[in-house]
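Visitor: Please take me through one part of this structure at close range, and then show me how its surroundings are built.

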Amino acid sequence: MNQYERMKQGLIYDPMDESTASEQEKYAMGLWEFNRLSPKQSEEKKKYMKEVFAECGEGCYIELPFHANWGGANLHLGSNVYANFNLTIVDDEDIFVGDNVMFGPNVTITTANHPIHPALRKRGLQYNRPVHIGNNVWICANAVIAPGVTIGDDSVIGAGSVVLKDVPKGVLAAGVPCRVIRELGEHDREFYFRDERIDWENL
């Protein structure tokens, strides 16, 4: 079993081994060209996302630049996903994103991790775990999502949060480390910002 095969099986492996590095290199130039597209080249952008991403539903839009060490090849997007500038994904493993998800600027999602033991880290070894993000989730600016995390449907992750553990559905979670602040409910149906009411009749 070579190192690339070890990676695909979720084992500790050497990411700098030729069997892995040569596979990863295939995506580097394509991503570089993707990030050079102009705002007018929307069809070319869609083409890249459909061809390179593991999955890409309808109505997805990514503001450039976009950073991904496998070019997004392990990124599974549902429909109507919006990512603001500088979405960074370390997609050595699968990243599953549901429908109607929003990413603020400078969000980082990482699936790669390194062993704690210094002898293993000295050798540059790593392992990967998938990330799951449910439907209708909003990840606010500068949030970081760690390997193996699951975020439930309808939840909001506050700006600057570091998400190290699973987040249930239907909550506001924030902080370093990220923790549940409260459940989402009727208050959020009435107010959109502090004491400012939602004028539903005009929407």
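Guide: Lys46 is partly exposed, with a relative accessible area of 45%. The model is predicted, so local features need pLDDT of at least 70 and side-chain atom pairs count only at pLDDT 80 or more, while totals for chains, interfaces and linings use all residues. Residues are numbered from 1 along each chain as its sequence is written, and side-chain values use heavy atoms, with hydrogens and water left out.

The side chain of Lys46 meets that of Glu43 in a salt bridge, at 3.7 Å from N to O. The term salt bridge denotes a side-chain nitrogen of Lys or Arg within 4 Å of a carboxyl oxygen of Asp or Glu. Side chains of opposite charge can pair when their charged atoms come close. Glu43 and Lys46 are separated by about one helical turn, because they stand 3 residues apart in helix 3. Glu43 has 54% relative accessibility and therefore counts as exposed. Helices, here and below, are DSSP runs of H or I with at least four residues, strands are runs of E with at least two, and both are numbered from the N terminus.

Glu51 and Lys47 are 4 residues apart in helix 3, so about one helical turn separates them. Glu51 is exposed, with a relative accessible area of 56%, and Lys47 counts as partly exposed at 49% relative accessibility.

Elsewhere in the chain, Arg182 and Asp188 meet through their side chains in a salt bridge of 2.9 Å, N to O. Arg182 is partly exposed, with a relative accessible area of 32%, and Asp188 also counts as partly exposed, at 26% relative accessibility. Across the whole structure, a search finds 7 salt bridges.

Helix 3 (42–52) also has a part in covering helix 2. The buried residues of helix 2 are covered by elements that include helix 1 (3–8), helix 3 and strand 3 (66–68), contact being heavy atoms within 4.5 Å. Ser19, Thr20, Leu31 and Phe34 are buried in helix 2. The 17 residues of helix 2 (residues 18–34) should span 24 Å at 1.5 Å a residue, and the end C-alpha atoms are 25 Å apart, which agrees. That expected span is 1.5 Å times one less than the number of residues in the helix.

Pro65 is found in the loop between strand 2 (61–62) and strand 3, and a cis peptide bond joins Leu64 to Pro65, with omega about 10°. Val176 and Pro177 are likewise joined by a cis peptide bond, with omega about -5°; Pro177 is found in the loop between strand 18 (171–174) and strand 19 (179–183).

Asn80, in the loop between strand 4 (75–77) and strand 5 (82–83), has phi near 55°, a positive value in a residue other than glycine. In the loop between strand 12 (131–133) and strand 13 (138–139), Asn136 has a positive phi near 60°.

Two strands pair if DSSP finds at least two bridges between them. Strand 7 (residues 95–97) and strand 12 run parallel and are joined by 3 bridges; Val97 has Ile133 of strand 12 as its bridge partner.

Asp92 lies in the loop between strand 6 (87–90) and strand 7. Asp92 is buried yet has no salt bridge, and the nearest side chain of opposite charge, that of Lys8, is 9.5 Å away. Leaving aside residues up to four places away in sequence, Asp92 touches Met7, Tyr13, Asn69, Trp70, Asn74, Thr111, Ala112, Gln126 and Asn128.

Terms used:
Buried < 20%, exposed > 50% of the residue type's maximum accessible area, 1.4 Å probe, protein only. Lys, Arg positive; Asp, Glu negative; His and termini not counted.
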